[in-house]
Amino acid sequence: SAFRRAIELGPGAADAFDYYGRLLYGMGRWDESIAMVLRAQSLDPLAHRNDLASALLRAGRYDEARLRAEQALELEPEYDRARATLGWALFLGGDQRAGLREMQRAQAIAPHSTLWMAQVAQAQAMMGDVQTAREALARLEERAVTGYVSPYHLAYVHTGLGDVDRATSLLEHAVAQRAGPAYAIKGSFLFAPLRGHPRFQALLDSMGLRDG
């Protein structure tokens, strides 16, 4: 309701539409989220390109997401988020090897990012390269001893490895800490394997997200 009021007060504010669209895709309301992010882009054509690609990716529209991510990269080839979005669009669209390469490029652009380190490891686990994924997880856990590593990121790797209970425990911590995009747990394609788990459903209930 606050976002709707913001849009009412500033109908030309591209950011308001974009942030509302992000919230909607975090809730799994795909068509509404895509409409909001499209509106943001129409108001500010050079901005929010990867947000549109991301919304399409979450909606399972992989070919469209790939195209939009490629368009974002035309403007900024070293944009790590667009590289990762392109990677997942390719990966989930059926070309896992090409997708992993793009995710690894995102990691190379931002080598200190635990986000891309975790997502690359999740993709490797999903491809069956469990040993490499567990090695990356060990490095992340080692970094967490002396610095901050978001439990949200660790949950990616455990989800890829099929460690459902551990992944869910980490997401519970992420929500408690307000860590990472915790609001987007319901709509995250990366946590799709957890959706049928009772603890995951209980977590959504605690956030008021089970039904909307």
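**Helix packing and aromatic pairs in a predicted model**

At 2% relative accessibility, Trp88 counts as buried, where buried means under 20% relative accessible area, exposed over 50% and partly exposed in between, with a 1.4 Å probe and protein chains only. I begin with this residue and work outwards.

First, a word on the basis. This is a predicted model, in which local features need pLDDT of at least 70 and side-chain atom pairs count only at pLDDT 80 or more, while totals for chains, interfaces and linings use all residues. Residues are numbered from 1 along each chain as its sequence is written, and side-chain values use heavy atoms, with hydrogens and water left out.

Trp88 and Phe91 are three residues apart in helix α6, residues 80-92, and are therefore separated by about one helical turn. Helices here are DSSP runs of H or I of at least four residues, and strands are runs of E of at least two, numbered from the N terminus. Phe91 is buried as well, with a relative accessible area of 3%.

Let me turn to the rings. A pair of aromatic rings is described by the distance of the centres and the angle of the planes. Rings of Phe, Tyr and Trp (its six-membered ring) pair if their centres lie within 6.5 Å; planes under 30 degrees apart count as stacked, over 60 as edge-to-face and the rest as tilted. By this rule the count comes to six aromatic pairs. Trp88 and Phe91 form one of them, an edge-to-face pair at 5.2 Å centre to centre with 70° between the planes. Together with Phe189, Trp88 and Phe91 form one aromatic cluster.

Which partner does Tyr152 have in an edge-to-face pair? The partner is Phe191, at 5.3 Å centre to centre and with 80° between the planes. Tyr152 lies in helix α10 (residues 151-161) and Phe191 in the loop between α11 (164-177) and α12 (198-207), so the pair ties together parts that are 39 residues apart in sequence. Tyr152 and Phe191 are both buried.

I return to α6, now with its neighbour α7. Helices α6 and α7 pack at an angle of about 165°, with their axes 7 Å apart; axes are lines fitted to C-alpha atoms, for helices over the stretch in contact, and angles run from 0 to 180 degrees between N-to-C directions. That makes α6 roughly antiparallel to α7, since angles under 35 degrees count as roughly parallel, over 145 as roughly antiparallel, 65 to 115 as roughly perpendicular and the rest as oblique.

By class, the contact of α6 with α7 has 10 nonpolar, three polar and four charged residues. In this scheme Ala, Val, Leu, Ile, Met, Phe, Trp, Tyr, Cys and Pro count as nonpolar, Asp, Glu, Lys and Arg as charged, and the others, Gly among them, as polar.

Leaving aside residues up to four places away in sequence, Glu102 touches Arg83, Leu86, Gly87 and Leu90, contact meaning heavy atoms within 4.5 Å.

The axes of α2 (residues 14-26) and α4 (residues 49-58) come within 10 Å and cross at roughly 20°. That makes α2 roughly parallel to α4. The residues of this contact of α2 with α4 divide into two nonpolar, one polar and four charged. On the α2 side they are Asp18, Arg22 and Tyr25, which meet Asp51, Ser54, Ala55 and Arg58 in α4.
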